[in-house]
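Good morning, and thank you for making the time. I would like to go through one structure with you, from the whole chain down to single residues. Please keep the display in view as I speak.

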Amino acid sequence: MPQPLSTKESSLFRQVIRNYEDKQYKKGIKAAEQILKKNPKHGDTLAMKALILNSQGKTDEAFALAKVALQCDMKSHVCWHVYGLLYRAVKNFEEAIKAYKFALRLEPESPQIARDLALLQVQMRDYQGYVTSRRAMLQPKPHIRQNWTALAVALHLSGDMAEAERVLTAYEETLKNPPPKSDFENSEAVLYKNTLIAEQGHIQQAYDHLKTAGKRNLDRLARLELEAQYLVLLDRKEEAVKVYRNLLDRNSEYKKYYEGLIDALGVSRSDHKALKAIYDEYAEKYPRSDSARRLPLDFLEGEDFKTAADQYLHRMLDKGVPSTFANLKHLYSDASKKAILPEIVEQYIESSKTELAEKEKQNGDTSKGVSAAYYFLAQHYNYYLSRDLGKALEYVEKAIELEPKSVDYHLTKARIWKHYGNTQKAAEIAEEARLLDVRDRYINTKSAKYQLRNNDNEAAIKTMGLHTRPENPPFGDLLEMQCMWFLTEDGQAYARKGNFGLALKRFTQIYNIFDVWQEDQFDFHSFSLRKGQIRAYIEMIKWEDQLRDHPFYSRAALSAIEVYIKIHDKPLTNGASGNGEETAEDASERKRAAKKARKEAQKAEREALAKKNEASKPSKEDGDAASKKDDDPDGVKLAATTEPLNDAMKFLTPLLQYSPKNIDAQLAGFELYIRRKKYLLALKSLLAAAALDKEHPKVHEQIVRYRLAIDEDSKEILPQSLETIKSEFHLLPSSVDISKFNEEYLSKHKGSAKHTLYALSVRRLLSSGKSSDVEKSIVGILKLPSITLEEAAEGLELLKTWKSSEVDAYRSSATAKWPKTSLFSKEETTLPLR
């Protein structure tokens, strides 16, 4: 029980609570101290003071005071509630839930504690606990619809959809008067209940419910879409046709409506004539519709395709639509269509040339169609399935000659130079494109991205600063806006330059942004229920559960892991020992880096001390929490880690959990686990990667390395683990000769540069790194007709890693093969392409 206070002190205690809620923290501290002068062991006051101190940024002091409060009054629900709030503030949700549960035992009727507990339970995905909490919250206040809906959501998330439906039905039965038609919360609840019925497989019941309760639903589009789906599933095709036609009248560009109409009509996907008739009907009905003309190109073949494609391309090129190629490039997976499309465009150009002179006399300049056609061909020859960069550059120059102010044409020219491997030239042309329209944010970001690909971080941040707030540093704004692409590209540029500190800083910032996204859902647990946005809330929960499957996270995590592995394999000169096989030049470089690292660390310490002293000064504004300062802005501490493999696990664990089908994630997992001598986990990643693509060159290399590692460390591995490895590792059994296994793989993939590269790497590994023939064979892969620029650059990196004497010969041969690239110049140190 809370300790009693006098009337005056009780009034002061209520004032402390008001001051905390109003964020008047200094006044709150002062009022609390007045109470504590007379009642120094009043637990509730001590707890409230701790809560205020935490809001001021004094977390350690707040926890210490909260523990004192609990010692003074262990049976106070206020003390336990505050203790839970403190743990919630530091993201220790498990301990916060324990404290809330203890507080709720002491004060079962407290709605605030129950609400806080329920929100944490759904945040932690403790759905059974969430159901229990929501049932308890419903009993004292059954007249509030939100409580019924929240219980239904809890049951839905826990997998009990039938009970969730019954809860919503029970509330509806308590209503004496039906809600008004304009009641948005009721409208959402009706559709939510309808989806619950359908998810259970009761399609007829769902349809009947939709036609009765959902007849006048405010979300008419969702109602029509559900009705169409139900009618198709119930085999009531004629009615479904009417609904899908209604939907197409609302939006004639949506592909799924066309597919639904085709299914409802019972038209076979192989009956191209009937399918084309459906699309032609809507192309005639809606002359401005693009989908009705474009979608038939997906299934038409031969002359029918050529005729339809000719009509579509003439229409788009006459308008000068820049996205024409983007709309059609998915067709390039079909070789015949890939050949037909450029033929049509070339014919368009020839026919336009004969008509152009006369039309110019009548209507002025009509070169827009011709320039758009040249632009299409430039993109065609720049595309990876039909690449001929020489022709691509020729056509884009012709397009620019006709329209010299076109931003799109200049950007495509920059992209062509990027594919040539000349990032400097690409960045220069992208900057020229930006200057054509300095107010366009998209062009601005593309120019900055090309500068980052050219490892010019300073120019990129300056370019991005043109569209951020002038009173703030550009990077601060970009970080606040969670500009993920910039952070990723910036980090990868720093990694290529060897600045691992700033690279890891950027990747860690991306990791933290995903943490923020995870935590941001906390506010929506109550907001969505309060606003009645139930369907959107359920979708958000499902999205959050797969949050780190996002490509932004995968890319940043893989880059961070790669950097940490490099730090482990060749530690930075921050006190860690180096590579025993270093040359005198390497040792000198390491000494210079060590001196620089020490200076940066000392500078960071001085800045941190100065910031600490500044933070200790009294704040001018009451109620402002102490702002968090970054004590490692350049990532010096991150790069100076003594346990890089352990630090990399932070990035790897979510990657393997949420992206198990990503082969790069499994390969990265193997690289980490094999270095940590976690052989069972390494085998798990290796088997997963082999299941995805057994012929992957990196998988082949890792299979051999795993076999060698097991043979070497077999005496150190626990007998049970070794037995498990022998029973599961069938990719390269001990009875198979490793050299023969590798030579067979090399022979099988002798036409592939990348496969050959890794097989030769394995051959060198088996020869203890002393084979000069292997290095000459690496130079020989440049003669393979299928080799790409990226594969060639990877070969150069491998030779440089080996400190091979063939590096200069490789550079010369590669430069002769790709004269326009800058990748093989001595200034370029790493591959700037993806």
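Among contacts in the protein chain between residues at least 6 apart in sequence, 61% join residues at least 24 apart, where contact means heavy atoms within 4.5 Å. This is a predicted model, in which local features need pLDDT of at least 70 and side-chain atom pairs count only at pLDDT 80 or more, while totals for chains, interfaces and linings use all residues. Residues are numbered from 1 along each chain as its sequence is written, and side-chain values use heavy atoms, with hydrogens and water left out.

The secondary structure of the protein chain consists of 43 helices and zero strands. These are DSSP runs numbered from the N terminus, with helices being H or I of at least four residues and strands being E of at least two. Of the 834 residues in the protein chain, 48% are buried. The classes are as follows: buried means under 20% relative accessible area, exposed means over 50%, and partly exposed lies in between, with a 1.4 Å probe and protein chains only. The accessible surface of the protein chain is about 43100 Å², and 50% of that belongs to carbon and sulfur atoms; the areas come from the Shrake-Rupley method with a 1.4 Å probe, and for residues only the protein chains shown count as cover.

I turn now to helix packing. Two packed helices are described by the angle between their axes and the distance between the axes. The axes are lines fitted to C-alpha atoms, for helices over the stretch in contact, and the angles run from 0 to 180 degrees between N-to-C directions.

Helix H9 (145-157) packs with helix H11 (residues 184-199) at an angle of about 25 degrees, the axes being 12 Å apart. H9 is therefore roughly parallel to H11; the label applies to angles under 35 degrees, with over 145 counted as roughly antiparallel, 65 to 115 as roughly perpendicular and the rest as oblique. The crossing of H9 and H11 is left-handed, meaning that the near helix is turned anticlockwise from the far one by less than a right angle, whereas clockwise would be right-handed. On the H9 side, Arg145, Gln146, Ala152, Val153 and His156 meet a set of H11 residues that includes Ala189, Tyr192 and Leu196. By class, the residues of this contact divide into five nonpolar, three polar and three charged. Here Ala, Val, Leu, Ile, Met, Phe, Trp, Tyr, Cys and Pro count as nonpolar, Asp, Glu, Lys and Arg as charged, and the others, Gly among them, as polar.

Tyr192 is buried, because its relative accessibility is 1%. Between Tyr192 and Leu168 there are 24 residues in sequence and 9.5 Å from C-alpha to C-alpha.

In the next pair, helix H12 (residues 203-212) packs with H13 at about 145 degrees, with axes 10 Å apart, and the crossing is left-handed. The contact of H12 with H13 holds eight nonpolar, no polar and three charged residues.

Toward the end of the chain numbering, H42 (residues 789-801) and H43 (residues 807-817) pack at about 165 degrees, with axes 10 Å apart. H42 is therefore roughly antiparallel to H43. Among the residues that meet are Leu796 and Leu799 in H42 and Tyr810 in H43.

Most residues other than glycine have a negative phi. Asp235, in the loop between H13 (220-233) and H14 (237-250), has a positive phi of about 65 degrees. Asn455, in the loop between H25 (441-453) and H26 (457-464), likewise has a positive phi, near 60 degrees. Are these residues buried or exposed? Asp235 is exposed, with a relative accessible area of 57%, whereas Asn455 is buried, at 16%.

Finally, Ile565 lies in helix H31 (residues 551-569) and is buried, with a relative accessible area of 11%. Leaving aside neighbours within four places in sequence, Ile565 is in contact with Glu671, Leu672 and Arg675. The C-alpha atoms of Ile565 and Glu671 are separated by 7.9 Å, although these residues are 106 apart along the chain.
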